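These are my notebook entries on one structure. I record what I looked up, entry by entry.

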Amino acid sequence: FGDINAINNRLYATFYNTNDGGNPSVSRVVVFDPDTLDVVEEHEIGGNTAESVTFNNGSYWVVYHDVDVVRQFDTNFTLLNEYSLNITNMPHGGPQGSLWENGMFYVNLHGHNDTENGNPFVQVREYSFDGSAFTFVSEFKPPTNGCGQGMGKYNNFYIWNDRVDN
């Protein structure tokens with residue numbers, strides 16, 4: 001599975017069959033009850049490797065492994081639109097986690113784990129959205145070198161998925 005985000009008192013996780021050969025590639029969003037971890041809903045959302053789902057302005061937004069797009073879905077997970085994130089420099093990977101905050105869209109990029117040289121690639125990119133396109137605003141490093149596996153926010157806490165040396 002990919003990243004997990006708390007949305008509307010539920011846990012939303014992306015699942016995919018890439019690690020099993022993925023032919024054809026299938027991605028799903030699975031919704032869990034946070035108290036029991038029972039599956040409440042499951043939505044098939046097409047191909048590619050869905051890594052993170054988040055919610056903003058009545059839509060779900062999904063980013064995909066090593067693909068520089070974000071897809072917008074309605075509340076029934078019917079595809080509405082696909083937008084480019086214009087990530088021209090993905091030397092070690094692409095979107096892994098995503099988060100909307102204060103009208104801005106943040107994407108956590110994963111990368112290699114070059115801890116021997118002290119230089120693992122991790123980066124968070126910030127985008128504005130005008131309703132028809134995403135525009136790159138800035139980039140910054142997450143709090144530790146290994147925080148390239150996803151991110152989220154729960155209450156007032158930012159949560160980072162770490163994978164140094166896998």
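Which residues form a nonpolar patch on the surface? I found that Tyr 154, Phe 157 and Ile 159 do, with about 350 Å² of accessible area together. Patches take residues with over 30% relative accessible area and no salt bridge, joining like charges within 9 Å and nonpolar side chains (Val, Leu, Ile, Met, Phe, Trp, Tyr) within 5 Å. A salt bridge is a side-chain nitrogen of Lys or Arg within 4 Å of a carboxyl oxygen of Asp or Glu. Areas are from the Shrake-Rupley method with a 1.4 Å probe, and for residues only the protein chains shown count as cover.

I note that this is a predicted model, in which local features need pLDDT of at least 70 and side-chain atom pairs pLDDT 80 or more, while totals for chains, interfaces and linings use all residues. Residues are numbered from 1 along each chain as its sequence is written, and side-chain values use heavy atoms, without hydrogens and water.

I placed Tyr 154 in strand 13 (residues 151-154); strands are DSSP runs of E, at least two residues, numbered from the N terminus. Tyr 154 counts as partly exposed because its relative accessibility is 49%; buried means under 20%, exposed over 50%, and partly exposed in between.

Next I looked up backbone angles. Leu 37, not a glycine, has a positive phi of about 65 degrees. Leu 37 sits in the loop between strand 3 (27-32) and strand 4 (39-44) and is exposed, at a relative accessible area of 55%. Asn 48 has a positive phi near 70 degrees; I located it in the loop between strand 4 and strand 5 (50-56).

I then turned to strand 11 (residues 123-129). Five of its seven residues are buried, so strand 11 is largely enclosed by the rest of the structure. Strand 11 pairs with strand 10 (residues 104-109) in the antiparallel sense over six bridges; pairing requires at least two DSSP bridges between two strands. Tyr 106 stands opposite Glu 126. Strand 11 also pairs antiparallel with strand 12 (residues 134-140), over six bridges, and Ser 128 has Thr 135 as bridge partner.

The largest nonpolar core has 13 residues, and Tyr 12, Ile 45 and Phe 77 have the most contacts inside it. Such a core is a set of buried Ala, Val, Leu, Ile, Met, Phe, Trp, Tyr and Cys residues joined through side-chain atoms within 4.5 Å. Strand 6 gives the most to this core, with three residues.

How values were computed: Helices (H or I, at least four residues) and strands (E, at least two) are DSSP runs, numbered from the N terminus. Buried means under 20% relative accessible area, exposed over 50%, partly exposed in between (1.4 Å probe, protein chains only).
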